[in-house]
Amino acid sequence: MMKFKEFITHWAVRNLLLAAVIVVVFVVSVNLLLSVATQHNKTLPVPDFTNLTYDEAYHLASASGVRVTVADSMYIRRLKPGAVYLQTPKPGEMVKKGRRIRLTTNTVKPAQVTMPSLVGSSLKQAKAELLRNGLSLGRLVYIPDIASNCVLRQQMGGRDVPAGKKVTSGSSVNLVLGINAENAETFVPNLVGRQYLHAVDALQENYLNVGRLNFDSSVHSYADSVAAVVYAQRPSAGGEAVTMGTEVTLSLTTDLSKVPSGNR
């Protein structure tokens, strides 16, 4: 029977052991190289580029270990020209070094669009027509008339705007609507848990206006305000009927812990 010393020194065994050592060294080396190349388990937080110009965002990204690229642009009236409006991934998310952050910026020069003809349309038709033309629905102003929610006038800044006039894209258009005393009431919907723009849509669909907006300390920018959700409203939902055009006060936050669990 071959002794252990003779076995371990046999040329075939030596070759097998050597091959095994080479394989182990190779696997460890590859794993180390992959860890270095992919920055395994090494991540960093995404900076907040909101409201920065592209040059400012570029320098902040370089100092933070990430890269930025402008993926899209759109016109936001309340935002300075060229400023970052949205970013993907969002601020604070953990990414690997060198990750490219996609930015959406505000256009430097807003586009001009044509004011559509809304007089005689229903509120629902008028809102759809405004959106198709790159405009938004502003306030609902009610005056006595035989037909409720029929558009009587279309205005900007308190002045009538004729159909066909060139206006700035993204502008809000206020509608003067008829209201019949026999059909003048509506109900306040539940807005808690909805994002700001969705809450505005729900109010308008129920013939109501946005009243005072109360943003808490978690909201720092216009982009935050758009992303914020309603955590309280006044009047509350489920109460008595109110007159069309009534204002609803909204309290908004980006801190979801403030939103009742049943509305998240």
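Not counting residues up to four places away in sequence, Ser251 touches Asn214, Val229, Val230, Tyr231 and Ala232, where contact means heavy atoms within 4.5 Å. The model is predicted, so local features need pLDDT of at least 70 and side-chain atom pairs count only at pLDDT 80 or more, whereas totals for chains, interfaces and linings use all residues. Residues are numbered from 1 along each chain as its sequence is written, and side-chain values use heavy atoms, with hydrogens and water left out.

Ser251 belongs to strand S16; strands (E, at least two residues) and helices (H or I, at least four) are DSSP runs numbered from the N terminus. With a relative accessible area of 13%, Ser251 is buried. The classes are buried under 20% relative accessible area, exposed over 50% and partly exposed in between, for a 1.4 Å probe and protein chains only. Strand S16 spans residues 247–253, and because six of its seven residues are buried, the rest of the structure largely encloses it.

The sheet around this strand is described next. It is an open sheet of three strands in the order S13-S16-S14, with mixed pairing; two strands pair if DSSP finds at least two bridges between them. S13 and S14 stand at the edges, and each has a single partner strand, so one side of each is left without a neighbour in the sheet. On average, neighbouring strands of this sheet are turned by 30 degrees against each other, direction ignored. The axes behind such angles are lines fitted to C-alpha atoms, for helices over the stretch in contact, and angles run from 0 to 180 degrees between N-to-C directions.

Strand S13 (residues 209–215) runs parallel to S16 and is joined to it by five bridges; Leu213 stands opposite Leu250 in S16. Strand S14 (residues 229–234) pairs with S16 in the antiparallel sense, also over five bridges. Ser251 is the bridge partner of Ala232, and Arg234 stands opposite Thr249 in S16.

Two ring features remain. Lys258 lies over the face of Tyr231, at 4.4 Å from the ring centre; the criterion is NZ of Lys or CZ of Arg within 6 Å of the ring centre and within 35 degrees of the ring normal.

The structure also holds one aromatic pair. The ring centres of Tyr54 and Tyr58 are 6.4 Å apart and their planes stand at 35 degrees, so the pair is tilted. Rings of Phe, Tyr and Trp (its six-membered ring) pair if their centres lie within 6.5 Å, and planes under 30 degrees apart count as stacked, over 60 as edge-to-face and the rest as tilted. Both residues lie in helix H3 (residues 54–64), four residues apart, about one turn of the helix. Tyr54 is partly exposed at 33% relative accessible area, and Tyr58 is partly exposed at 44%.
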